[in-house]
Amino acid sequence: MPPTRARRATSGVFALNGFVLGMWVVNIPTIKDRTGVDQADLGLMLLVLGASAWVGMQLAGRAIDRLGSRPVVTTAAVALALTIPGPALATDGLQLVLALAVVGFFNGIVDVSQNAQAVVVERAYGRPIMSAFHALFSLGGLVASILGGTLIALDVDVRASLAAAAVLGVVVALSLRPSLIAAPAVHEDAPPRGRAPWTSRVLLLGLLAFALLLGEGVAYDWSTVHLRDSLGSSETVAAFAYGAFSITMTIVRLFADRVVAAWGPAVYVGRAALVGAAGLLGAALAPNAELAIVAWGVFGIGLAGCVPQFFSAAGNVDESASGTYLARVTSMGYLGLLAGPSVIGLLTHWVPLTTAFAVPIVGCLAAGLLAPRALAPATSEESRR
């Protein structure tokens with residue numbers, strides 16, 4: 001099978017994942033009103049979604065190592081699409097939290113398995129292409145925001161919107177399956193799958209993914225608050241901070257693979273993470289909203305292509321346990337994404353918001369300094385430690 005066909009199919013999976021999740025996100029206010037939950041309850045329910053996603057990630061690794069990523073990602077993508085109307089069908093808080101737990105669980109499996117398939121495709125290509133896959137996820141979310149917002153403006157019932165998204169998701173997931181790469185044959189001397197030991201390299205990759213995704217989570221939840229509360233801008237202007245971060249993240253991911261191919265992943269992350277640290281430091285020190293928006297955009301440029309390199313490295317530590325190692329690094333990174341906003345919120349009880357940004361800045365610096373060690377090609381002996 002030509003790798004280009006598998007690459008297009010894998011890109012489609014990432015875009016589908018972003019689209020399906022985006023259709024839920026854009027309808028959150030409507031679903032919140034339908035179920036009568038307040039903001040505090042919704043926040044706790046979103047934590048349940050994140051926790052169930054983490055559980056799904058743990059199970060996904062073993063399933064991938066036993067079956068390959070193709071059947072796992074196809075089944076999970078179909079299941080995710082079928083469960084996405086659940087929150088719209090909920091009429092109270094209990095039903096909503098149960099629906100979100102199911103959505104989170106299958107999304108966790110999709111997250112790991114689509115990255116595992118991306119590692120296989122990248123391996124077949126023989127050059128870096130991981131960042132482009134993550135760009136397609138962002139583009140899928142953008143399409144969902146446009147389409148979902150249009151349906152809301154047309155007063156289309158949220159249940160009908162998410163039901164249509166479910167049907168589309170099932171059809172697309174099943175149509176992409178034949179073009180995905182199947183699992184390679186298992187070597188007779190391979191260790192038992194799903195029982196891979198922790199290695200120092202996998203732990204380091206996971207910690208650095210945690211550090212950088214913590215920064216990404218801070219950008220998602222605190223960039224607009226920073227402009228509004230720290231710099232006194234209007235909510236309209238404050239929204240441009242998140243927009244600048246998201247746009248630069250997406251654009252850079254489309255082109256980062258070429259730079260990674262030229263520099264190597266270790267050099268790329270070493271430099272890009274430092275750019276990210278400089279961008280967030282610039283945002284913290286910015287005297288006005290205009291400079292802060294530019295700085296948040298620079299932060300997005302720095303972070304955009306880094307974490308995909310960690311996922312790619314994790315999937316190549318040991319091919320016989322690729323899914324398990326990828327699940328470990330992905331789940332550690334996901335914890336950072338969830339923890340970032342909470343850590344900053346907790347720190348603001350004692351220090352100003354801009355001072356609390358020191359935590360993700362230090363994380364970026366650590367990633368930049370430790371990237372050469374984490375992303376250096378592993379020997380067979382190192383992969384067994």
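Contact here means heavy atoms within 4.5 Å. With that criterion in place, the predicted model is described from its overall architecture down to individual residues.

The secondary structure of the protein chain consists of 17 helices and 0 strands. The chain has a radius of gyration of 20 Å, close to the 21 Å that the globule rule gives for 385 residues, so it is as compact as a globular protein of that length. Taken along the principal axes, the box filled by the C-alpha atoms is roughly 60 × 45 × 35 Å. Of the 385 residues in the chain, 53% are buried. When contacts between residues at least 6 apart in sequence are considered, 85% of them join residues at least 24 apart.

The accessible surface of the protein chain amounts to about 16500 Å², and carbon and sulfur atoms account for 67% of it. Charged side chains number 23 positive and 21 negative, with a separation of 10 Å between the centres of the two sets.

The largest nonpolar core comprises 109 residues. Those with the most contacts inside this core are Leu 205, Leu 227, Trp 296, Phe 299, Phe 310, Phe 357 and Leu 375. Helix H9, spanning residues 200-230, gives the most to the core, contributing 13 residues. A second, separate core has 5 residues, among them Ala 9, Val 13, Val 73 and Leu 176.

With neighbours within four places in sequence left aside, Leu 205 is in contact with Phe 310, Ala 313, Ala 314, Val 317, Val 329, Ala 374 and Leu 375. Phe 299 is located in helix H12, which covers residues 289-303. Its relative accessibility is 0%, and because buried means under 20% relative accessible area, Phe 299 counts as buried. Not counting residues up to four places away in sequence, Phe 299 touches Gly 215, Ala 219, Phe 245, Gly 276, Gly 279, Leu 280 and Cys 364. Between Phe 299 and Val 73, which are 226 residues apart along the chain, the C-alpha separation is 31 Å.

Ser 312 belongs to helix H13, residues 306-315, and is buried with a relative accessible area of 10%. Beyond its neighbours within four places in sequence, Ser 312 is in contact with Val 119, Glu 122 and Met 130. Ala 327 is part of helix H14, residues 322-347, and is likewise classed as buried, at 3% relative accessibility. Residues up to four places away in sequence being excluded, Ala 327 touches Met 57, Gly 61 and Val 112. From Ala 327 to Gly 149, 178 residues apart in sequence, the distance in space is 33 Å, C-alpha to C-alpha.

Loop positions were also considered. Glu 319 is placed in the loop between H13 and H14. At 53% relative accessibility, Glu 319 counts as exposed, because the exposed class begins over 50%. Glu 319 and Asp 65 are 254 residues apart in sequence, and their C-alpha atoms are 8.8 Å apart in space. Asp 155 is found in the loop between helix H7 (130-153) and helix H8 (158-176). Although Asp 155 is not a glycine, its phi is positive, at about 65 degrees. The relative accessibility of Asp 155 is 70%, and the residue counts as exposed.

Notes. Residues numbered from 1 in each chain as written. Predicted model: local features only at pLDDT ≥ 70, side-chain atom pairs only at ≥ 80, totals over all residues. Heavy atoms only, no water. Helix = DSSP H or I, 4+ residues; strand = E, 2+ residues; numbered from the N terminus. Rg over C-alpha atoms; globule rule 2.2 N^0.38 Å. Buried < 20%, exposed > 50% of the residue type's maximum accessible area, 1.4 Å probe, protein only. Areas by Shrake-Rupley, 256 points an atom, 1.4 Å probe, with all protein chains shown as cover. Lys, Arg positive; Asp, Glu negative; His and termini not counted. Charge placed at Lys NZ, Arg CZ, Asp CG, Glu CD. Core = buried A, V, L, I, M, F, W, Y, C linked by side-chain atoms within 4.5 Å.
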